[in-house]
Amino acid sequence: MGSVRWAFPCAAWRPCRQEWLLAARLVQPEEKDRVGQFVFARDAKAALAGRLLMRKLIAEKLCIPWNEINLQRTSKGKPFLANNVFSIYSNYNFNVSHQGDYAVLAAEPELQVGIDIMKTNLPGSSSIPNFFHIMKRQFTETEWDVIKSMSNEWMQLDMFYRHWALKESFLKAIGVGIGFNLQRIEFNVSPLQLEIGKVYKETKMLLDGDKEEEWTFEETRLDDHHHVAVALGKQEGFGQKHSDVCSMEPNQPQFIVLTFEDLVVSGIPVTPEDSAYWDNFCSKQESPVKQNSHSR
């Protein structure tokens, strides 16, 4: 049982009534209710896909029947499996992220794992230099030097979101939320250009000025606009043994892009069908209307 990297293109998913009602039946009632409260269809689809990714993983890799899986959240909001599992699976770690056009999942049998995906998008209500000024405290001077060394504003924005995904992946791996001083972590990204579909592990992190040898960062471009970062760290109290993630071919495309059928193939319904849930979904606008620069 090795590493898992899955991606689901939730923005392109246009569920029919049957698909949406099936998906809703395959998650716990409280999660179904939470998804139903999203204002925009885009966010509802991404959140539901994230839950389905986790349940698929647990059903297929830990062999717990889909309808018996009990997912809960930590006080910081990180999902975890509340079921009792065999000791051989006790270090199994997984994390999901959804932003832009994808929901993504990373899982490891022996390592702490955090994942973040960021889509490079123009800031809605300000210029790129003004956006950078607002975000100044999120990165160190060294990181800003790298971001601003890119040859044009779009490439600078792309490098900004690459750094952002790296920082978020680490925070998610260690399970901390808002309040962590992002200036404490600094990334030395390498290489500067990432090819689509390749997996890179050269980027290094400094924590409070010291290089962190215990952490590995995988970086992947899913397409021209999406950066994915996966933070991998040794579990507390766990031995020196590393999973096979460290010995993987460095250029092996790693993320498997799933279809909706892939997502639900192991599904066993948890709740009865709720036809009103489709009406609720149909009433949602897909996404917010883009603001122009004069909207604020």
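Helix axes are lines fitted to C-alpha atoms over the stretch in contact, and the angle between two of them runs from 0 to 180 degrees between N-to-C directions. Two packed helices are described by the angle between their axes and the distance between the axes. The structure considered here is a predicted model.

**Helix packing**

Helix α5, spanning residues 141-148, and helix α6, spanning residues 153-174, have axes that come within 8 Å and cross at roughly 145°. On the α5 side, the contact is made by E143, W144, V146, I147 and K148. Helix α6 contributes Q156, M159, F160, H163 and K167. By class, this contact has 5 nonpolar, 2 polar and 3 charged residues.

**Backbone features in loops**

The peptide bond that joins S190 and P191 is cis, with omega about -10°. P191 belongs to the loop between β7 (185-188) and β8 (199-200).

Positive phi values occur in C63 and in D208, neither of which is a glycine.

| Residue | Phi | Loop | Relative accessibility |
|---|---|---|---|
| D208 | about 50° | between β9 (204-207) and β10 (210-211) | 48% |

Key. Residues are numbered from 1 along each chain as its sequence is written. This is a predicted model: local features need pLDDT of at least 70, side-chain atom pairs count only at pLDDT 80 or more; totals for chains, interfaces and linings use all residues. Side-chain values use heavy atoms; hydrogens and water are left out. Helices (H or I, at least four residues) and strands (E, at least two) are DSSP runs, numbered from the N terminus. Contact means heavy atoms within 4.5 Å. Ala, Val, Leu, Ile, Met, Phe, Trp, Tyr, Cys and Pro count as nonpolar, Asp, Glu, Lys and Arg as charged, and the others, Gly among them, as polar. Buried means under 20% relative accessible area, exposed over 50%, partly exposed in between (1.4 Å probe, protein chains only).
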